[in-house]
Amino acid sequence: MRTGDAIPTLPPDGFVRQFFEPSIHEAVTLYPGPAAMTPQSLRWGIHRVEDVVRHIRFPIPPLRNLHYEFLFLKTGRGGRTDGLNRYEVGPGTVYLSAPGQIVSSEFCSADATGFYCFFYGDVVLTSLQNGRFLDELPFFQPAAVPLVTVSERLL
């Protein structure tokens with residue numbers, strides 16, 4: 001990315017078109033093409049890292065999230081940036097990101113297992129009285145470290 005270039009925003013279908021290997025049939029099954037995506041499938045998703053990571057072209061340059069996301073790795077490693085900070089996500093670590101954050105992904109190791117989840121706030125907030133609930137969580141605060149370590153006994 002050149003200095004002065006705008007940082008793009010990508011919805012899930014745009015991300016799939018830009019960063020997934022186009023010739024891999026399994027990727028189409030995991031993330032159906034835009035014509036097969038329903039409005040609900042674009043609002044949230046939970047995917048096994050081990051099923052998806054081998055189909056993604058890394059590195060993923062900076063882009064602005066339109067959704068909440070978390071990445072939990074049970075095994076393996078990944079390199080992520082959040083704003084100007086670089087984080088290594090490893091076993092037992094959850095990486096969290098809120099809408100509007102500028103993020104990028106340097107790599108995810110081939111032995112990575114875990115879960116990646118994305119969702120738009122309205123998917124969760126429509127059933128809650130507090131419409132700012134997600135924004136008030138400490139790990140979604142702009143200055144917060146976006147990593148949470150999970151106890152080994154939960155792995």
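**Fold, cavity and pocket**

Modeller: The protein has 5 helices and 9 strands. Bear in mind that this is a predicted model.

Colleague: What share of the contacts with a separation of 6 or more comes from residues 24 or more positions apart?

Modeller: Contact here means heavy atoms within 4.5 Å. Among contacts with a separation of 6 or more, residues 24 or more positions apart account for 71%.

Colleague: Is β8 largely enclosed or largely open?

Modeller: Buried means under 20% relative accessible area. Across the protein, buried residues make up 39% of the 155 residues. In β8, 5 of the 7 residues are buried, so the strand is largely enclosed by the rest of the structure.

Colleague: Which residue of β8 stands opposite Gly 45?

Modeller: Strand β1 covers residues 44-48 and is joined to β8 by 5 bridges. The two strands run antiparallel. Opposite Gly 45 in this pairing stands Phe 118.

Colleague: And which residue of β8 stands opposite Leu 73?

Modeller: β3 also pairs with β8 in the antiparallel sense, over 7 bridges. β3 spans 68-75. Leu 73 stands opposite Gly 114.

Colleague: How much space lies in the largest cavity?

Modeller: The count comes to 1 cavity of 30 Å³ or more. The space in the largest cavity is about 480 Å³.

Colleague: Which element gives the largest share of the lining of that cavity?

Modeller: The lining has 29 residues, with Phe 15, Ile 56, Glu 69, Arg 80 and Tyr 116 nearest the centre. Elements giving two or more residues include α1 (12-19), β3 (68-75) and β8 (113-119). The largest share, 5 residues, comes from β7.

Colleague: Now the largest pocket. Which strands each supply at least two residues of its lining?

Modeller: About 210 Å³ of space lies in this pocket. Of its 18 lining residues, Gln 101, Phe 140, Gln 141, Pro 142 and Ala 143 are closest to the centre. By class, the lining has 12 nonpolar, 4 polar and 2 charged residues. The strands asked for are β5 (85-89) and β6 (93-97).

Conventions: Residues are numbered from 1 along each chain as its sequence is written. This is a predicted model: local features need pLDDT of at least 70, side-chain atom pairs count only at pLDDT 80 or more; totals for chains, interfaces and linings use all residues. Side-chain values use heavy atoms; hydrogens and water are left out. On a 1 Å grid over the protein atoms alone, a cavity is a set of points where a 1.4 Å probe fits but cannot get out, and a pocket is an open set with protein on both sides within 12 Å along at least five of seven lines; lining residues have an atom within 4 Å of a point. Grid points are joined across faces, edges and corners, and a volume is the space filled by probe spheres set on the points. Helices (H or I, at least four residues) and strands (E, at least two) are DSSP runs, numbered from the N terminus. Ala, Val, Leu, Ile, Met, Phe, Trp, Tyr, Cys and Pro count as nonpolar, Asp, Glu, Lys and Arg as charged, and the others, Gly among them, as polar. Buried means under 20% relative accessible area, exposed over 50%, partly exposed in between (1.4 Å probe, protein chains only). Two strands pair if DSSP finds at least two bridges between them.
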